[in-house]
Each structure stands twice: as C-alpha cells, then as structure tokens.
Amino acid sequence: MRADESGAGEDSAVRGPAAGLPGPARDASGDGEGGDGGGGGANGGAAELLERHRAVMPNWLALYYKDPIELVRGEGARVWDGAGKEYLDFFAGIVTTISGHVVPKLVEALTEQANKIAHTSTVYLIRPMVELAERLTDLSPVEPSPVKAFFVGSGTEAIEAALLFATNWRRSNEIIALRNSYHGRSFGAIGITGNKGWSPSSFSPLNVSYALSPYCYRCPFGLTYPDCGVACAEDLRNVIETTTTGEPAAMIAEPIQGVGGFVTPPPEYFGIVKSILDEFGIPFIADEVQTGFGRTGEAFWGIESYGVHPDAIVCAKGLGNGMAIGAVVSRADMMDSIKANSISTFGGNPLASTYALANLDNIVEQRFQERAYKIGNALYRDLKDLEERYDVVGEVRGKGLMIGVELVTDGESKAPSAAAANQVMEICKERGLLIGRGGLYGNVLRLSPPLVITEDDAARAVETLEFAFGEVQNA
Ligand SMILES: Cc1ncc(COP(=O)(O)O)c(C=O)c1O
C-alpha cells in the first residue's frame, strides 16, 4: 500500500499515511510557484528545497503541510523556519527534543567531547557509555535485577535488539503485540506493528499474535469503561490460548500508543495484562520510545504509571534529545542469552553517550517530570473543555505532556475526520503552532512539546487550537 492510500490525505493539504506522518507533499507548490532559487526569498527557499527533496528522496518519506517547511533554528520550545517565521513547537521532532532545542549545557557537553574524540567503537572501553548504562539501569523499572543496557542508533534498532534477546532467550519466534501499535521501520519492527498505514511489507522473521488495543473511544467490544471490566485486557488469555503455543518469546506494548494516536489505556489495563502474562511465564517488554523520561508526568517511565515492572524496556527519542541513540534495558539473563558475538559500531559512541548523559542529568535536575505533570494537567483540562464545546473534537486523552485530540465529523457518529485534522494542522501552522498527527485513521492531533514549555505556552496552544476548531466546525 502506498503511504497516501490510507485515506488520511483525502481532500486535504496534508498527504500521507493515517498514522501520523503525512506522506509526500507531491502537490505542494507543484506548479513551481513560490520558489525563490533557494536560501533566501519569501519562503526561505522551502519550495526549491522541496523540488530537490522530491527528486532524490523516496516518495514515501513523509512531509507535513501543503507547503512543507524547513526548520533552521531552535531555542527551548521555539523553532524558526527558513523565512524567519517563529513557531511554538508542540511536536518536538516527533516526541524527541524533551529538554528543548539548543540547551547551552548540552551543546557544551557535546562540543567538549567532540574536541576529545567522537568515535572509537564498542571494541574499546567507552567511559560515557558505561556511565550512561549505570544511570539508565538505576532509573529503570525493569525487574528482576541484575539489569543491563545495550545501546544502538535508533528506536527501531533498539526494538530489533529487544526482539533478538527475547526470542533467543525463550527459543521462540512468537511475539504478542497490540493492534494499533507502532514499533519502527525494519522487518522485525513492522512485523509487530499493528497499523496498515505503517506496514509496507508482510514479510517478517516473527510469528505475531495481535491482542486488542485498549482504545476506549473505539472499544473493540463496543463497551464503556469502567463497566467493561477492561475486557480488552482479559481477552489476552484467549489470545495466548488460541493463537500461540502458550510459550511465546514475549509480549511488547507501548504504555501509550504513540503513532496510534496517543491511545491511553485505562489504569487497570497493564496490571491485568501483566498478571495474565505471569500466569503463563511470558516476559513483558515496554516500548518506552515515546513515553519515557518523564513525558507522561505521573512517572519517569510510562509503564510505571500502571504499577508494572517489565522484563525489558526499549527507549530512544527523548534519551538523546535529538542525538541518534537508542537503548534496550533488560534483565541480564535475557540480554546475556545471546551466544554469538554482537556489536554496534555506533551504539553508545562517545558523542551520543556524553550528550545523552548530560540530557538525562538535565531532565532530572530541571524536574521535567513534575513540570509535565503540572502543565500537562492544565493543558488536558483546558482541552477537555473544548471537547465539550466543539462537536469536531471527539476525545481528548493522554497523560502529562503527551496529549491526543481525536477529531470526528460529529460526536454522534464518531466518524474519524482526517480532513479536519489536516485543516487544523494547517491553521495552527499559519498561526505559529506546530503539532503532530497520528491515529489509525490519521485524525488524531498529537501534542508532545519539549518539557520546557511554560503555562503561557500551553495557554497559547489551547487558544490557537480553539480558533482552529471553530474555523473547521464552521467551514
Ligand atoms: C513507540 C515507538 N517505537 C519505536 C519507534 C522507532 O523509533 P525510530 O524512529 O527511532 O527508529 C518509534 C518511532 O516513532 C515509536 O514511536
């Protein structure tokens, strides 16, 4: 399936897959107007750069907006495009720049390390990598001890490593994943991704069973929480008994489904899931690529909000605040089950590890988790108020500074409206607010700013969104 065949881009300025990253903006400035020869001009050279992008980049590489923008500078929660227009950044480079843009302390740490040595590889001892592993294993909710860490270059690669560890350890190629999940772009990762908009191939090294997504707004049983008894979680027992050997390698899940539209499970969900997994002795892997490092406010790791201790976690994005680094943190027996040699040339390199360490320190020192909780709660409350007042707003959900707004044609039918999401995104961009998009139907707005935002920033985002909802509803 082509990225833009999912319906999300229909009739819309924003083209692309349903699940969050609109696809190729083939029509944007398609007539060549607006180009300025690059570098300068009214649009800062974006139109000309787009032409070049189209010529040499794959056509499924997603770009937001009818007229895609180039972000050339950032500071805290603000970014500027090539034409000098300022935006409040409420997507943080896909839920990544958790400490904000151009944090002087982090730039200093990076520069200092770059002046010493940038790369050595894992065949030599790397002090910052060992220190980072110590910090991460200390912070991790993984049980039982001892716990170890392994570093790679991205979230996808960390997912691959976790799958390798679990399948080796358990001598099984069976994995349980969730419907509506997203775990990355490699064969193993797309094999456990439950979303057709992000599954370009059915080839997979794994035998995957998909459990139900805890998606209350579109409950797979048509039930309502809490009367449902969290039936989606209870159904896991049946999934194990009817679709696996009973001894799969692991179950993997995102504490909040990110690309899936910030689908936030009810409080009991993961407790029930974990107790069923424990009955069968099946390990649990939490994909914390989007939910880690205090973003969800209630806890440092998304899964901790649910009182669950996983056997492994996978993290990336916020760990490096933009630097390419990912990690698996897992019980040592799982990680050490690999019997052949394995290395990562770039994983945990001195530059990335130093930067990630400084970033982790910053997150803890600045108490970003508390900030995400406080500002996130206020933001959630104000957006919930808009849910009451605008029929196009189907549901507001999330935790901390990870808030999804699901848009529908009307509250009665709850029919997903990707067109409304596209319009809102365009209006917000015009008014200087960058937000993300996701959901199986491409109709969920994703708000995930750097955790440095102020209450005023949050208020401005709400004001801009309210204006956009009004425009879309009255169109
Ligand atoms: C939950 C989750 N897992 C894994 C990945 C893959 O990470 P990366 O894009 O760094 O490969 C992503 C990326 O969005 C993600 O959201």
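Visitor: What share of the 475 residues in the protein chain is buried, and what makes a residue count as buried?

Guide: Buried residues come to 56% of the 475 residues. A residue is buried if 20 or more other C-beta atoms lie within 10 Å of its own, exposed if 12 or fewer, and partly exposed in between, with C-beta atoms placed from the backbone. Please keep in mind that this is a predicted model: local features need pLDDT of at least 70, side-chain atom pairs count only at pLDDT 80 or more, and totals for chains, interfaces and linings use all residues. Numbering starts from 1 along each chain as its sequence is written.

Visitor: Why is Ser330 called buried?

Guide: Ser330 has 29 other C-beta atoms within 10 Å, and the cut-off is 20 or more, so Ser330 is buried. Its place is in strand β10, residues 326-331. Helices (H or I, at least four residues) and strands (E, at least two) are DSSP runs, numbered from the N terminus.

Visitor: Which residues does Ser330 touch, leaving out those up to four places away in sequence?

Guide: They are Val142, Val147, Lys148, Ala162, Phe165, Asp311, Ala312 and Met335. A contact means that the C-beta atoms of two residues, placed from the backbone, lie within 7 Å. For the protein chain, 71% of the contacts with a separation of 6 or more join residues 24 or more positions apart.

Visitor: What makes the protein chain as compact as a globular protein of its length?

Guide: The chain has 13 helices and 15 strands. Its radius of gyration is 22 Å, close to the 23 Å that the globule rule gives for 475 residues, so the protein chain is as compact as a globular protein of that length. The radius is taken over C-alpha atoms, and the rule is 2.2 Å times the number of residues to the power 0.38.

Visitor: Why do β2 and β3 count as paired strands?

Guide: Two strands pair if DSSP finds at least two bridges between them. Strands β2 (residues 78-81) and β3 (residues 86-89) have 3 bridges, in the antiparallel sense, so they pair. Trp80 has Glu86 in β3 as its bridge partner, and Val79 stands opposite Tyr87. The two strands form a hairpin with 4 residues between them, where Gly84 in the turn has a positive phi of about 90°.

Visitor: Why are β1 and β13 called edge strands?

Guide: The open sheet of 4 strands has the order β1-β2-β3-β13, with mixed pairing. Strands β1 (71-75) and β13 (433-434) each pair on one side only, and that makes them the edges.
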